[in-house]
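These entries record what I looked up in the structure shown below.

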Amino acid sequence: MSFIIKGETGDWEVVIGLEVHAQVISKAKLFSGASAEFGAGPNEHVSLVDAGMPGMLPVLNEKCVEQAVRTGLGLKAKINQRSVFARKNYFYADMPQGYQISQYDQPIVGEGTLILDMPDGETRAIGIERLHVEQDAGKSVHDLHATKSMIDLNRSGVPLMEIVSKPDLRSPEEAGLYLKKLRSILRYLGTCDGNMEEGSMRCDANVSVRPVGSTELRTRCEIKNVNSVRFVMQAIEHEAKRHVDVWESGAQVDQETRLYDSNRNETRTMRSKEMAHDYRYFPDPDLLPLEFDDAYVAGIKATLPELPDDKKARFISAYGLSAYDAGVLVAEQESAAYYEHVAKLSGDAKLANNWVANNLFAVLNDKGVGIGESPISAEHLGKLLLLIKNNTISGRQAKDVFEIMIKSGQDPNVIVEERGMKQITDTGAIDAAIDQIISQNADKVAQYREGKETLMGWFVGQVMKATQGKANPALCSELLKKKLAP
Amino acid sequence: MTNLTTLTIAAARDKLAKKEFTALELTEAHLAAMEKHKALNAFITETPDIACARAKESDARIQSGKAGALEGIPLGIKDLFCTEGVQTTAASHILEGFTPQYESTVSQKLRDAGSVMLGKLNLDEFAMGSSNMTSYFGPVKSPWKAKGRSDDLVPGGSSGGSAAAVSGYLAMGATGTDTGGSIRQPASFVGIVGVKPTYGRCSRWGIVAFASSLDQAGPMTRTVRDAAIMLKVMCGHDPKDSTSAKLDVPDFEAALGKGVKGLRIGIPKEYRPDGLNGEVAALWDKGIQWLKDAGATTVDISLPHTSAALPTYYIVAPAEASSNLARYDGVRYGQRVEGRSLDEMYSKTRAAGFGFEVKNRILIGTYVLSAGYYDAYYLKAQKIRALILKDFSDAFAKVDAILTPTAPTAAFGLNDKQDDPVAMYLNDVFTVPANLAGIPGASVPAGLNSEGLPLGLQVLTKRWDEETMFRVCQVLEDAAQFPYLTVTP
């Protein structure tokens, strides 16, 4: 998927690396026993450690280590059996210790790979540079009081994974696909809920441009804390165009940190290079180096679920789906499970794909709900497809039943039974209907027999009408063909 | 009635058990002594009400046969340990008025063992100093005076209040903390026993942090046995401190009396530099002879990186301190000076809240961690630290303990040395290596100099071998027959 900016001096391409902050799914915070849950009242989830009280010490939450290793394995990355927590020193009112405990030159996870599923069914591998674990800061609220800022430390110490990509992305669309795929993997692994609206996944984008064909890396800008996939894509597009304008005007792009304003769709300087912090990283003397052995990693590996890429490959080979269709179905674990359930019940993988990926997803999109809140259970949809398969109802009838199922949530067998929607497969009844139509439409019969075969559809329609749509369409045409034969 | 304040902890423990006097009487005697010697300025906060209440609880437990290991023993707590409901200042203006809702692990253990807290002891601000002159609450005076002179002397630092209180009979024992010598050097200056255990023996939870990789709590007492009794209570694994060791606590007191026969004692040549104070050198030689007389053999050893220890320490400790002290920002507790912006509030608060020496070290620490200087200072210091550790592990392959002087001089005058931070830093030249290596060290009062001022000898052993350290200390103590201050009952 190429993304080329046509400048006055020529074509430019964009070089993008993403840093994603993903909140680790964990009951407690990274270094304290306080709850890491979202949504409590201000400062209700704050321990003495989170508030940076004198003499307080961090104690590593082992669950978070497990989650980070799990994520690293999911990204097919190198797991570092020895890593070091470091202090990142800077002052801010909602960072009580005066430093953030993070990892610096010895992260828990090293290089890995993430596969993008392109819309044309192709794939593209994006390098993962590293993953490290760190604590979140609290929140400053500036608009509650005329002269004071309010501090909420509920987030202070909440565990985050920072997942850094290599500068391998080449378009806003790829950046969007990367985020969606990463979110998909994190959700499969159960290590982050990927909810960008609640801030449990946030993205910083490093953007630079260069003339097409060049391999240099020009000065990049970092766009901080963008909180939706769409905004990330918009911010990158805007920023890339801005860079092209700057370079083409003969000026230099300054390395700086910028903020994206989604209302105006533009980025603005947040911190220039001169104002950049010197974080004075050094190993946190309150924490020992984090060390574990092969057996620990193997133990976690044994509990990994089938991940999207593997599931996709299996759907292609086992169900005969296209790469694109398989990719759509596996994006969410629940959708994939739903599909498999329907496919197995109905015994028709392709029919199941049509109904799940087209009909059902359209309904869910419409309602703005996830597969978990689907008004139709996988079992019911499977039953519906079975009714089609065994000719109890026609495809057209199935659509009607489907509509009723959305509204009522009823079992399709019950709907068909109650409403007498069973398809007529009794040749006698259909024969009678056909005979009547033939006798009443001698002119059309003659035309057909003279070679106007397109009239077959009209005859089928008449039979369906006469049977209130219950006649099996295939059976109808078969019988009609016999009777209309000259 | 005997003078209750001059008893050792061991003696008081036995007499309380025999109900010769009550814990309340013992506590009241100490509260009276504190009142009488207020001029020493040993305490920042006195807690007589808490002391009496706890003493009464102790008496009840003694009556019901449920006495703890330190039941009814009046102790002072260095004001670096957070104490529940009692102001904790670290001797800094920035924490003035701060009252923790929690009790440090070490002071909690002392409390659980039945000891009675008399109050919070003065110290150098944030434990940064070797004279107790950097305290926001004023310097502590040593109870000792040079022969024929009346001018005040420093008690050493940073645990200066602890040193003065124990040597002056205001408390039977006190907690100290030792980052570069802050227990041992003041113990040497006032003629008491000071023990810095192995790094990781005592939990650091609830102790205001100075330099996290070096800080270690320990007891300050008048006898080796008392130190052993107190240390046993203070240490042990704490899940709240990731650097505290998962090891059983030995019965240090049981190690006493085993003597030093057959032990090999290392005498490091680097601790006898040109210009070493003659009286200090002479006392050291005396100590060597005492150990030989008791059946030990001495071995000349080398700790080749000793001279690099002090500069290394003055990079590592300020670096960690610059980060540890970032939390004192006026936002959540302690002092705040308002400003027109967040940054202005920070700078005004910290300018007003920290004293000169603390600011000095924050600046040094910030500098050595800065981009472009990190490798040259902090990283290099870490490498040298590893070499110092290796010096000791090589030495302990050959010897069981090392004997050195504790400090290069006896206590100096309250008004000396103030202008020269480096001269002040030299006080720690013999004590700092043990902190860098994480090994245990103790200072034992061994004699007086010609001015009649105490001098201590330092015993170092390998990590987790405090028992050997106590054995050697006790032999020195027995031989020295140290002339403690006399007080009239």
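Which residue just after H4(B) takes a positive phi? I worked from a predicted model and found that Gly114(B) is the residue in question, with a phi of about 95 degrees.

**Entry on helix H4 of chain B**

I then asked how many of the eight residues of helix H4 of chain B are buried. The helix covers residues 105-112, and six of the eight are buried, so I noted H4(B) as largely enclosed by the rest of the structure. I listed the buried residues by name: Thr105(B), Val106(B), Ser107(B), Lys109(B), Leu110(B) and Arg111(B). I recorded that Lys109(B) and Arg111(B) are among the buried residues of this helix.

**Entry on Ser307(B)**

Is Ser307(B) buried or exposed? I found Ser307(B) in helix H10 of chain B, which runs over residues 306-324. Ser307(B) has 11 other C-beta atoms within 10 Å, and it is exposed because the cut-off for that class is 12 or fewer.

**Entry on chain B as a whole**

I counted 16 helices and 11 strands in chain B. For 489 residues, a compact globule would have a radius of gyration near 23 Å; I read 21 Å for chain B, which agrees. The C-alpha trace of chain B spans about 65 × 55 × 50 Å along its principal axes. I noted that 60% of the 489 residues of chain B count as buried. I also looked at contacts in chain B between residues at least 6 apart in sequence, and 76% of these join residues at least 24 apart.

**Entry on chain A and its contact with chain B**

For chain A I wrote down three domains: domain 1 (4-300), domain 2 (308-418) and domain 3 (427-484). The C-alpha centres of domain 1 and domain 3 of chain A lie 66 Å apart. I then turned to the contact between the chains, where 23 residues of chain A meet 33 residues of chain B. On the chain A side I recorded 14 nonpolar, five polar and four charged residues.

Notes. Residues numbered from 1 in each chain as written. Chains lettered and ligands numbered in written order. Predicted model: local features only at pLDDT ≥ 70, side-chain atom pairs only at ≥ 80, totals over all residues. Contact = placed C-beta atoms within 7 Å. Nonpolar A, V, L, I, M, F, W, Y, C, P; charged D, E, K, R; others polar. Domains from an automatic or database assignment. Helix = DSSP H or I, 4+ residues; strand = E, 2+ residues; numbered from the N terminus. Buried ≥ 20, exposed ≤ 12 C-beta atoms within 10 Å, placed from the backbone. Rg over C-alpha atoms; globule rule 2.2 N^0.38 Å.
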